Amino acid sequence: MNLKKLKLAVIGLGYVGLPLAVEFGKKFSTTGFDVNNNRVDELKSGHDSTGEVSKRSLSSSLKLKFSSNSTDLSKSNIYIIAVPTPIDKKNNPDLSILLSASSIVANYLNKGDIVIYESTVYPGCTEEECVP
């Protein structure tokens with residue numbers, strides 16, 4: 001893959017996704033995507049209420065754009081899914097957020113694109129649950 005044509009999308013702007021998006025956005029065209037409009041708006045204004053990333057770091061990530069509109073993912077060719085996988089009272093993972101993110105990304109995948117999962121899941125989960 002030609003690094004000059006690299007267009008990343010980081011799905012989920014929490015404690016894992018946001019720092020990834022910020023660092024990649026310093027070198028590559030990057031879309032930071034989250035379904036939470038309020039989260040996206042705060043990041044666009046240069047503020048991270050979670051304290052994961054400083055205002056200075058956000059402003060130095062010149063190639064990073066934030067969005068809650070999934071169509072903004074359409075020009076990406078590498079997708080990093082970094083969404084939470086909470087567990088219930090019986091320690092079973094709730095995959096609904098992960099499956100939703102996978103479904104969103106699936107709408108924009110093209111042959112040769114890459115999907116990377118940064119969510120904590122059990123062995124085989126991506127092949128058995130996310131890919132189908």
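Author: Here's a walk around strand S2 and its surroundings. Keep in mind that this is a predicted model.

Let's start with the sheet. Five strands make it up, in the order S3-S2-S1-S4-S5, and the sheet is open, with parallel pairing. The edges belong to S3 (64–67) and S5 (114–117), each with a single partner strand, so one side of each has no neighbour in the sheet. On average, neighbouring strands here are turned by 20° against each other, direction ignored.

Now for S2, which covers residues 29–33 and is joined to S3 by four bridges, the two running parallel. Towards S1, five bridges do the joining, and that pair runs parallel too. The chain gets from S1 to S2 by way of H1, in a right-handed β-α-β crossover.

Going residue by residue, Thr31 of S2 is the bridge partner of Ala9, and Thr31 also stands opposite Lys65 in S3. Further along, Phe33 has Ser67 of S3 as its bridge partner.

What about cover? S2 is mostly covered, with four of its five residues buried. Helix H1 (residues 17–24) has Gly17, Leu18, Ala21 and Val22 as its buried residues. Viewed down the H1 axis, they fall within an arc of 130°, so they line one face of the helix. Those buried residues pack against S2, and also against S1, S3, helix H2 (37–44) and helix H3 (55–59).

Helix H4 (residues 96–106) belongs in the picture as well: H4 lies across S1 (7–11), S2, S4 (78–81) and S5, running at about 170° to S4.

Definitions and conventions. Residues are numbered from 1 along each chain as its sequence is written. This is a predicted model: local features need pLDDT of at least 70, side-chain atom pairs count only at pLDDT 80 or more; totals for chains, interfaces and linings use all residues. Side-chain values use heavy atoms; hydrogens and water are left out. Two strands pair if DSSP finds at least two bridges between them. Axes are lines fitted to C-alpha atoms, for helices over the stretch in contact, and angles run from 0 to 180 degrees between N-to-C directions. Contact means heavy atoms within 4.5 Å. Buried means under 20% relative accessible area, exposed over 50%, partly exposed in between (1.4 Å probe, protein chains only). The arc is that of the directions from the helix axis to the C-beta atoms. A crossover is right-handed if, with the strands pointing away from the viewer, the path from the first strand over the helix to the second runs clockwise.
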